[in-house]
Amino acid sequence: MRLRLPGGRADVRSSGVTAVLGPTNTGKTHHAIERMLSFPSGLIGLPLRLLAREVYTRVVEKVGAANVALITGEEKIKPRAPAYWISTVEAMPRDVTVDFLAIDEIQLAADLDRGHIFTDRLLRWRGRQETLLIGAGTMAPLIGELFPGAPLFSRPRLSKLSFAGDKKISRLPPRTAIVAFSAEEVYAIAEWIKRQRGGAAVVMGALSPRTRNAQVELFQSGDVDYVVATDAIGMGLNLDVDYVAFASDRKFDGWRYRRLTPAEFGQIAGRAGRHMSDGLFGATGRCPPFDEDLIEQLEDHRFDPVTLLQWRNPDLDFSSIEALLASLDKAPDHPRFTRAPVAVDQITLEAASRDADAQRNAKSPADVARLWDACQIPDYRKTSPAAHTELALSIFGFIARKGKIPGDWMARQIADVDRVDGDIDTLSNRLAQVRTWSFISNRSGWLDDAEHWQSVARRVEDSLSDALHERLTQRFVDRRTSVLMRRLRENAMLEAEINAAGDVLVEGQHVGSLQGFRFTPDPGAAGEAAKALNAAALKALASEYEARATRVFDAVDDAFALANDGTIRWLGEPVAKIAAGAGVLTPTTRILADEQLSGAALDKVKQRVDLWLGQHVDKLLGPLQQLEKGEGLEGVTRGVAFQIAEDLGVLDRARVAKEVKGFSQEDRGALRKLGVRFGAYHIYLPVLLKPAPRALAALLWALHHGGLDTVKGLEEVPHLAASGRTSFAADPTIHRGFYRAAGFRVCGDRVVRVDILERLADLIRPAIAYRPGVTAGEAPAGAADGEGFVVTVAMTSLTGCSGEAFSSILKSLGYASTQRPGPAITVALLPAAATEPLTPTPAETSETASAAEPVETPPTVDAPAEAAPVETTAEAEAGEEAAVALIEIWAQQPRHAQTGPRRAPPRGERTEGGEQRPPRREHRPRSAAGEAGGEGRAARFDKFRTPGKPPRDDRRGPRPSAGFAAPERRERQPDPDSPFAKLAALKAEMEKKGKS
């Protein structure tokens with residue numbers, strides 16, 4: 001019941017008034033709830049909607065929902081006949097008579113913004129049997145003065161509160177509440193904690209009870225160890241907080257930014273240490289250090305007493321708008337009261353008094369009272385005074401003219417905010433708007449079917465609250481890290497799962513990936529979160545490493561593969577890296593594993609991978625190992641075989657031309673049996689020119705020439721080779737030796753596959769050997785006058801290039817081009833012999849073109865060839881007046897003009913094979929060991945000679961030229977059965993007939 005006081009004087013009766021005062025964590029609110037439930041009926045007024053919801057839930061648990069009503073500005077839960085009423089102080093029902101009435105946090109009567117409301121309830125609201133006033137000890141003098149004779153009880157704090165000093169946010173312990181006084185600061189701190197500690201709950205007064213409860217549950221359940229809050233945490237929110245850290249000491253009180261008072265510090269700091277647990281407080285972030293006097297006040301709970309209460313005249317005059325404004329401006333007549341600052345409702349009324357429609361509609365006291373009710377709608381939206389005034393006038397217009405707010409208008413307002421998309425600020429703004437509509441729907445008599453609109457507004461608020469909680473959690477909580485940190489604190493066995501993609505899930509949370517024996521944490525984690533992920537993963541994967549080691553040891557050969565970057569993969573996962581061994585054909589491995597793989601498990605993996613690599617090299621490059629051993633070879637032949645193996649199956653013929661020149665047919669046959677083929681430019685093994693052997697050979701070359709990390713082209717060149725390309729553009733940054741190891745040769749601007757280059761030589765050789773007018777039979781493709789030839793489609797098709805690219809290949813091989821009028825052959829051709837061919841076969845040409853430097857001929861290319869046109873003298877004369885086309889004739893350059901790859905580079909430059917040609921130096925006498933005291937060329941091959949067998953004659957004659965023309969040879973008698981001898985005899989006979 002209410003007790004009216006004439007003129008607002010404080011000489012009230014003290015009958016039934018009791019005060020329970022003390023610091024935080026004294027159980028005052030709990031005492032009030034228990035006291036209320038001891039009476040048949042009761043009402044308790046609380047300072048916050050959040051706290052009202054919490055107390056309502058507790059009372060419902062004790063007496064049932066049918067006996068408890070919840071009344072706030074935005075929410076009403078009102079059973080048919082409730083016995084107990086839980087309300088905010090502003091919304092305390094005026095028409096309820098109860099046996100027990102309690103008002104919590106009565107020290108807020110001194111607050112500039114809401115103080116006059118608390119003062120009014122303090123002075124004017126009473127229970128029939130008992131009125132309990134609950135608050136801070138600073139109210140004791142005023143309570144004693146206002147209510148003389150009323151019993152005052154002081155309750156001591158249940159636990160000790162101590163100062164813990166100043167700490168950085170990164171050093172704050174778990175179960176800490178960090179207090180700031182703006183949404184921007186709260187968000188910034190919460191985001192930092194998420195990055196470093198896994199996340200934080202967020203509690204602000206503007207949150208709906210549903211959102212606040214969900215956020216508090218994150219902290220209470222241990223999903224997060226930190227809560228970032230505004231000073232709303234100081235008003236009865238019971239959290240299990242051990243430490244309260246102030247990130248700021250200044251707040252905006254609705255009028256100005258100011259420093260917190262010691263009592264306000266104490267109200268917030270007192271939330272540390274609930275029940276019998278001691279609490280700590282301190283400063284962090286940008287908060288200045290606490291001075292000694294403040295620390296002493298907070299620890300001893302001694303604060304200056306409240307001396308003035310905010311007051312506003314409760315006896316209002318509704319005879320007119322002007323009279324109402326005048327009554328609101330009335331000053332108190334008690335020394336302990338001061339007139340409250342002008343509030344939002346009074347500012348709205350003053351603005352409405354200047355509106356013509358409002359003046360016209362507010363003629364009677366009832367209409368003025370309705371206008372005042374509209375002006376008292378809280379400004380939850382915080383838009384502007386003008387916007388809030390417009391809303392109040394709209395509501396007043398409806399209830400003054402029509403008596404009710406139209407349902408369709410209300411539906412449109414709620415529909416505008418019934419959306420759950422957007423970020424935190426957007427959802428917060430919508431929640432503020434729906435709180436306004438909830439407040440309006442809960443005002444008696446303003447709407448038809450008010451319960452319907454209350455339920456609609458509550459549904460929208462709940463959906464927005466859930467969406468806001470989800471956004472807050474997404475932004476400020478790493479659920480994965482928080483779950484794992486909680487499980488680690490519990491020291492529980494963690495369940496780990498590794499899916500087919502290698503993702504590691506611990507307790508259902510993705511923590512990283514395990515590839516082979518290396519764990520990579522989730523890159524999105526940082527700070528303490530990353531440490532938590534590592535700790536959880538390593539604890540969960542302790543047995544996985546040994547299990548994998550066993551599976552690797554038992555794996556079949558097909559489970560392993562060697563990538564172009566030198567990584568050995570087991571079932572697609574990297575387990576080792578190839579490394580240089582004692583020899584080029586004996587590489588070793590380096591296991592890729594975390595330090596958790598050690599001991600016997602590591603030895604098993606190493607043993608199995610080394611075994612597979614040895615078998616892999618033997619499978620792909622086995623012929624090279626036979627050449628390296630040289631079984632069945634002797635002397636220089638064995639030395640050449642060793643060099644072929646040393647060069648990984650592709651040896652530049654120019655490097656051993658002198659030795660090969662002296663080979664006997666038996667020597668050549670011995671090497672051919674080992675798969676060796678003698679080409680025009682290389683000595684190679686055709687079986688090893690497939691992509692897989694060449695890719696492995698390229699890796700082995702890189703290991704012994706700077707390592708896999710420094711050699712360029714490891715990925716590109718094998719990929720091009722595997723694609724079937726016969727030539728491609730040369731990269732000048734890639735070492736020529738690497739190209740050769742991959743089975744290619746750099747020819748000008750192109751890189752040509754070794755076997756393709758030899759097949760190109762097979763196409764050019766018969767064209768050069770053919771002499772029009774001298775050699776009988778049909779001219780081969782590309783033949784021209786003299787020793788030249790023209791480029792054919794077969795040649796360009798073979799190399800996969802034409803034009804300048806193909807020209808660069810020919811130039812690198814020692815050919816030069818000239819242009820002259822066509823056709824390519826201008827002389828009459830000799831007819832073919834009737835009994836036997838006058839033109840030697842390509843194989844015969846290959847064997848006789850250079851007796852000193854024989855070349856093996858691979859199978860010919862089945863490509864279309866352009867036969868050179870044969871013109872007679874009569875046809876040439878008939879076309880003299882026609883335009884004559886120029887054709888390009890290629891011929892071997894003179895030896896002194898050749899610029900091909902066989903030309904020795906200048907001193908100090910690299911050769912085609914990549915070797916460094918030493919700078920020119922002074923002449924020194926040759927020693928038996930070789931030049932300048934080193935191992936000489938002869939000595940290099942002497943170590944391969946059979947003991948007791950005399951060395952070969954080392955007088956080899958001049959080096960072969962860069963082209964196909966054979967060098968000068970010693971005179972020897974021609975074979976009378978040779979086709980060349982028969983051709984010469986036929987030519988002599990024809991010349992003899994011509995003379996006769």
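**Figure 1. Surroundings of glycine 566 in the predicted model.** Apart from its neighbours within four places in sequence, glycine 566 contacts Ala576, Lys577, Ile578, Leu699 and Leu708. The model shown here and in the other views is predicted. Glycine 566 sits in the loop that runs between β23 (560–562) and β24 (567–570). With a relative accessible area of 0%, glycine 566 is buried. Its C-alpha atom is separated by 9.2 Å from that of leucine 700, which lies 134 residues away along the chain.

**Figure 2. Salt bridge between arginine 435 and glutamate 74.** The closest N and O atoms of arginine 435 and glutamate 74 are 2.5 Å apart. Arginine 435 belongs to helix α15 (residues 424–441) and glutamate 74 to the loop between β3 (68–71) and β4 (76–77), so the pair ties together parts that are 361 residues apart in sequence. Both arginine 435 and glutamate 74 are buried. The two residues also take part in a network of salt bridges that links Arg49, Arg53, Glu74, Glu75, Arg435 and Glu461. In total, the structure holds 45 salt bridges.

Figure 3. The side chains of aspartate 408 and arginine 412 form a salt bridge with an N to O distance of 4.0 Å. The two residues are four positions apart in helix α14 (residues 407–417), and are therefore separated by about one helical turn. Arginine 412 has a relative accessible area of 45% and is partly exposed.

**Figure 4. Salt bridge between arginine 419 and aspartate 421.** Here the N to O distance of the salt bridge between the side chains is 2.6 Å. Arginine 419 is partly exposed, at 43% relative accessibility. Aspartate 421 is likewise partly exposed, with a relative accessible area of 36%. Side chains of opposite charge can pair when their charged atoms come close.

Figure 5. The patch is made up of Asp291, Glu292, Asp293 and Glu299. Glutamate 299 is part of helix α8, which covers residues 292–300.

**Figure 6. Positive phi at histidine 301.** Histidine 301 is not a glycine, yet its phi is positive, at about 60 degrees. Most residues other than glycine have a negative phi. Histidine 301 is located in the loop between α8 and β17 (309–311). The relative accessible area of histidine 301 is 26%, which makes this residue partly exposed.

**Figure 7. Positive phi at leucine 648.** Leucine 648, also not a glycine, has a positive phi of about 60 degrees. Its place is the loop between α21 (635–646) and β27 (650–652). Leucine 648 is buried, and its relative accessible area is 1%.

**Figure 8. Overall context of the close-up views.** The protein contains 33 helices and 34 strands. Of its 996 residues, 50% are buried. Among contacts with a separation of 6 or more, 70% come from residues 24 or more positions apart. The accessible surface of the protein is about 46,600 Å², and carbon and sulfur atoms account for 51% of this area.

Key:
Residues numbered from 1 in each chain as written. Predicted model: local features only at pLDDT ≥ 70, side-chain atom pairs only at ≥ 80, totals over all residues. Heavy atoms only, no water. Buried < 20%, exposed > 50% of the residue type's maximum accessible area, 1.4 Å probe, protein only. Contact = heavy atoms within 4.5 Å. Areas by Shrake-Rupley, 256 points an atom, 1.4 Å probe, with all protein chains shown as cover. Patch = residues over 30% accessible without salt bridge, like charges linked within 9 Å, V, L, I, M, F, W, Y side chains within 5 Å. Lys, Arg positive; Asp, Glu negative; His and termini not counted. Charge placed at Lys NZ, Arg CZ, Asp CG, Glu CD.
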